[in-house]
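Please open the structure in the viewer and keep the selection panel at hand.

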Amino acid sequence: MVLRRLLRRRWVLGVVFGFSLIYFLTSTLKQEERSTRDRTLLEARESDHPIAWKVKFTLGNSSRQITQCRNSIQGKSLLTDELGYVCERKDLLVNGCCNVNAPRSGQYMCKSCLPNGCCSVYEYCVSCCLQPDKQPLLEHFLNRAAEGFRNLFTAVEDHFELCLAKCRTSSQSVQHENTYRNPQAKYCYGESPPELLPI
């Protein structure tokens, strides 16, 4: 009786072990097939189909006929429009453009920006990034961007959208995942991350 019960338990354990082994092997094979397929697709995309950047660089100067402007939207006191003008929120026109005649409005303003392209104010970062002479820098960045950045920046359509995206804080702006590398230069359009400040 005891022997029969012991044999039955071993038989049940053997069946459970067998099913577990089969499940493990099929899962591993499926995962390996998926990894191989993904790797093949990635290699094919990289070699045969280089990413086509959608960014269209425009001069963004005031002689361009424009009836509506996109702007940086979220600034509490400052905004930057797609022509590169920075203005106070109260000086934003109904069409979304900055009032270029307002006393504090200015085009391609780089106040608070360092030579490495990092700024302490987001709106100045976007405005400075929109300068026509920054085009080679941005093209160089796009051509050298890591795969993760490429996926992010392929969604942008033009110079203005690129500057909006590039100036946002990113993992390059932080250290230890919770503090800015340099709180006075956390918005960057350049390739170099902010300098590390002593802790």
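**The sheet**

Begin with the open sheet of 3 strands, whose order is 1-2-3 with antiparallel pairing. Strands (E, at least two residues) and helices (H or I, at least four residues) are DSSP runs, numbered from the N terminus, and two strands pair if DSSP finds at least two bridges between them. Select strand 1 (78–80) and strand 3 (106–107): these stand at the edges with a single partner strand each, so one side of each has no neighbour in the sheet.

This is a predicted model, in which local features need pLDDT of at least 70 and side-chain atom pairs count only at pLDDT 80 or more, whereas totals for chains, interfaces and linings use all residues. Residues are numbered from 1 along each chain as its sequence is written, and side-chain values use heavy atoms, with hydrogens and water left out.

Leu79 stands opposite Cys87 in strand 2.

**The helices**

Now select helix 2 (residues 122–129), which lies across strand 1, strand 2 and strand 3 and runs at about 20° to strand 1. Axes are lines fitted to C-alpha atoms, for helices over the stretch in contact, and angles run from 0 to 180 degrees between N-to-C directions.

Finally, show helix 5 (residues 159–167), which packs with helix 2 at an angle of about 140°, the axes being 9 Å apart. The contact (heavy atoms within 4.5 Å) is made by Tyr122, Cys125, Val126 and Cys129 of helix 2 and by His159, Phe160, Cys163, Leu164 and Cys167 of helix 5.
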